[in-house]
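Open the model in your viewer and keep the selection panel at hand.

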Amino acid sequence: MSGSFIALNSVLHLSKHELDTMKVRFVDRNEETTAYKEYMKSPSNVNDGWFLWRTKIDRFRIGESGMCLMRLPKNSDLWLLTTIKTIVRELAPKGSVPGPAYMGEEWSSLRSFYGRLIIRYHKSRPVLVRLNTIIDDLTVDSILSSAVTWNME
């Protein structure tokens, strides 16, 4: 990577254990809409729905933490940090109808960054990855003065 950049962890200050155990879930679109449109209606549509959704694949286990990054319109390399949660309970058994399958406790210590921290990352990996495998590629693009509330489309 050339030029100057701010590493994501220089802002979040996650411990080595947190980096090694956290998963990143990238949310973008489904057949009907984009995560961004749903977030603009209500952030919980993404933070409690898209992020914690399960079809047939188990994304999380109880006790694991996850970071939700939502793709922003107009630049496919820009992602908004919408939440970080620790999974505290399964809401739906494996093999049930697709839908939100987990309940998570939001990390209040980083709440000031939710909806404000824009991260630059060229995604070439799956929807869910361990944070420690990509942390060096996640850079801070900007920190907004207030949470995303405008229409970028």
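Select the C-alpha atoms, over which the radius of gyration is taken. A compact globule of 153 residues would have a radius near 15 Å, by the rule of 2.2 Å times the number of residues to the power 0.38; the chain has 15 Å, so it agrees. The C-alpha trace spans about 45 × 35 × 30 Å along its principal axes.

This is a predicted model, in which local features need pLDDT of at least 70 and side-chain atom pairs count only at pLDDT 80 or more, while totals for chains, interfaces and linings use all residues. Residues are numbered from 1 along each chain as its sequence is written, and side-chain values use heavy atoms, with hydrogens and water left out.

Next, colour by secondary structure (DSSP runs: helices are H or I of at least four residues, strands are E of at least two). There are four helices and 10 strands, in the order β-α-α-β-α-α-β-β-β-β-β-β-β-β from the N terminus.

Now show contacts (heavy atoms within 4.5 Å). Of those with a separation of 6 or more, 67% are between residues 24 or more positions apart.

Then colour by burial, where buried means under 20% relative accessible area with a 1.4 Å probe, protein chains only. Buried residues are 44% of the 153.

Finally, select helix α4, residues 43-50. Its buried residues are Val46, Asn47, Gly49 and Trp50.

Key. Buried means under 20% relative accessible area, exposed over 50%, partly exposed in between (1.4 Å probe, protein chains only).
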